[in-house]
Amino acid sequence: MVPVVLWWLLWFLIGASAWPLTFTIFRSLPDHGLALARPLGLLLIGFLWWWGGSLEVLPASRGGAIAAWGLILALGLWLARRSDESPWCWLQRHRGLALFYESLFALAFLGWTLFRAYNPEITYTEKPMELAFLNAVVRAERFPPHDPWLSGFAISYYHFGYILLGFLTELSGLQTRFTFNLGVSSWFALTLLAAAGLGWNLWALYRPERLRAAWAIALLSAFWVSLAGNGEAILDLAHACGWIRDAGFWTWLDIPELNEPPSPRPWPSCWPPQDRVWAWWRASRVVRDYTPDGQHQEVIDEFPQFSFLLGDLHPHVLALPFTLIAIGLALAAFQAAQKFHGLSSLREGPALLRFLQNHGPPFWALPIVLGGLAFLNTWDFPIYTGLLLAAWGLGAWVAGRPRASFQWEILGLGGGVLGLGVFLYLPFYLGFRSQAGGFLPNLYNGTRLPQFLVMFGFQVLGLMLWLLMEVSRDGAVDRKRWGRHVLLGVLGLGLMPVGLLVGLYGLARAIQLPLPGAPVELKALEPWVYGRLLDGEVWVNGRLFPASGPWVPMLLAGIGMGAATLWERKASVKAFVSLLVLFGAVLAWAVEFVFLKDFFGTRMNTVFKFYYQAWVLWSLALAWGMGALWERAARARPLLIGLFGSMTAVAALYPALMIPIKAEFFARPPTLDGYAYLEQWAPDDRAAIEWLNQYIHGTPVILEAPGWHGISFQPEFGRFAAHTGLPTVLGWAGHEHQWRGSYEEMGRREPDLHVLWESSDLEETRALLEKYQILYVIVGRTERQEFPPEALRKFEQLMDPIFQSGETVIYRRRE
């Protein structure tokens, strides 16, 4: 209990320290960004700590962390003294709102901490990698931290989130085996609170005279962003209990494991399904892609509740609270743009900077926050910079300013944020190597409409009802113009797959590529474009577009155009909500046509990253839209109660059904010790890990069983490096390949590792120990299973045993 209270207190103090700065940055929002103070404070302090550690001005330790925290506190107090309104006096007047926010954070944090205590294992999926990064940050003497799975190299991945969690670990004095799990629960609470704060602000700006409703919108925003699941849970229940027994329906829906004929049992014995201990996983794989010859291609469609249930601290999760800060900055910019007089040229840029300093989010905060998104989860930087610029332009437009007066502002802001956003995080870019290879056309994989609605059905239903309600209001919208734009969008943007494939077919014919047989095959159309660009048929089911049909692009084009056409020439936050709808639609629409070329060669990661942000944007808009529907459709409120209640209940089924399964029905004694599982799985290894963490300081190189190429997600490889942060010669080689975009270095090391582990030659081994500066060799259960005993005995001749627990021995190289 003491670590939990200490961790909560630490968050409280960070939020209090950052409150004066937050009050200034979000001055144009009704709550002055109060719900965003904690994550904003952490980002600003972490930014200073990281720069200090990179320049070796501040130590990458507790002392440096305290110094960075003190600088942010001093800056905030200085700004508070200069402010026309004291942030502390404002807080006193709005103590009810502050208590509401604090209660939300505490309940979310304590509740999710309790859940994590029943499944605290830091193992499987991506957790070993994330633990390795966190331990490397804590063990690092300077930044960037070393790569624990590739000795001699720094981390080549977006790892700012691990630096921020490492900062909290240093301040708390707790061990990473606890702070990893506390990090999961606190990031959940930060996300929930930030979403609630945005919902409260959106409604307070819309109806300042009806602030009581803002509290309900805040709770709905928190629910839809952080707690709601997609529609898979109700389908899982229907399949397990036999509510839908038609095998053809499940085959048509084609969700993994649900595409098999049901074997129903009566309620309630049908749940939980006895053979599906990973039932909670399936909701992240409802979208299915296939090659033209019918081979399955995996697609990831995570959403926040799944991510927090899984418990991985991957970059997309660590970035979540900060993307919500970016949305808050976009909302603040939308408000500020309505008051600015405009620029006639870029030479008047200083006037814009002065205006932002006094009336909007100060310009200096924009590149720090938005640029930090690239360091947290690189995909988010362009997305939310685009949202900020669009919000500024929309705010100027709804205020009645001509386009010529704000285009220079958008150019200046965009250039400044992008340029400084890169410059302020330059050390990260200098050491970053990416697997990304540009965008490629998505030629035969589209999302099927039923699967898209399983993923986004709640948002689509709620947002379409809101759009139709707005159009139906007398005089609110030019209905003919609205219908014309929506129709043009649906036809022009929704049917693009047909035009794209027809164009490629025509190009292939024009350059006389061989197209043998019927149906047509387009093969080897410039290998640099797509490896095997169209290694299969473009004719699918007799149609010149993907088998999924154009229905999802048409739906998204209709929603996006319908939202954009609602923009009115009057200052209203409704325009900003419609912008969130449009941006979410564009992200989901884009993956129907293009994807980012990466290690996997499919659109898996592009769908994953874009759908994730679309979920956040649409969920905020959905919560606000539900409030607007309730307010406008007074006569239909009995119907809305049933509709909203049903949507919320079905969306809540995912956490309600899956949390007990993931927690193994709370049958074990609770603990936050993420290493406790080792006591049963490998007690001797745990003893060695504890000894290394207690007695080995600095970053000497260790040698343990490597994760050869093709071996990933197996926690027995690279385990000592992951649990201690000590660099090993090679950990998960496949992950290193992804992070660095090349297998050159790992491929160079593999032959040497075969010698180290499989050869009995003492001289060769001695030379390689020297080459990689290996100081410690660890021989445990995995090493004894993987390598010949006679090869392992050579370490007894070359090195001194300094620790032994059962079959696990740590050897130290003789000087």
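# Pockets, disulfide and core

Biologist: How does the lining of the second largest pocket divide into nonpolar, polar and charged residues?
Modeller: Six are nonpolar, twelve polar and six charged. Nonpolar is Ala, Val, Leu, Ile, Met, Phe, Trp, Tyr, Cys and Pro, charged is Asp, Glu, Lys and Arg, and polar is the others, Gly included. This is a predicted model: local features need pLDDT of at least 70, side-chain atom pairs pLDDT 80 or more, and totals for chains, interfaces and linings use all residues. Numbering runs from 1 along each chain as its sequence is written, and side-chain values use heavy atoms, without hydrogens and water.

Biologist: Which residues are closest to the centre of that second largest pocket?
Modeller: Asn135, Val138, Arg139, Gln175 and Asn693, out of 24 lining residues. A pocket is an open set of points on a 1 Å grid over the protein atoms alone where a 1.4 Å probe fits, with protein on both sides within 12 Å along at least five of seven lines, and lining residues have an atom within 4 Å of a point.

Biologist: Which helices supply at least two residues each to its lining?
Modeller: Helix 6 (127-139), helix 7 (160-172), helix 8 (176-206), helix 29 (683-695) and helix 30 (719-724). Helices are DSSP runs of H or I, at least four residues, and strands are E runs of at least two, numbered from the N terminus.

Biologist: And the largest pocket, what lies nearest its centre?
Modeller: His314, Phe600, Asn605, Phe608 and Gln738, among 38 lining residues. That lining has 19 nonpolar, eleven polar and eight charged residues.

Biologist: Where does the largest share of that lining come from?
Modeller: Helix 26, with five residues. Helix 12 (304-310), helix 13 (315-318) and helix 31 (733-740) are among the others that supply at least two each.

Biologist: Switching topic, how many disulfides?
Modeller: One. It joins Cys241 to Cys270, S to S 1.8 Å; the cut-off is a pair of cysteine sulfurs within 2.5 Å.

Biologist: Which hand?
Modeller: The torsion about the S-S bond of Cys241 and Cys270 is about 60°, so the disulfide is right-handed. Cys241 sits in helix 10 (residues 232-241) and Cys270 in the loop between helix 11 (247-253) and strand 1 (289-290), so the pair ties together parts 29 residues apart in sequence.

Biologist: Last one, what does Ile327 touch?
Modeller: Leaving out residues up to four places away in sequence, Ile327 touches Leu198, Tyr384, Leu387, Phe576, Leu580, Val616, Leu617 and Leu620, contact being heavy atoms within 4.5 Å.
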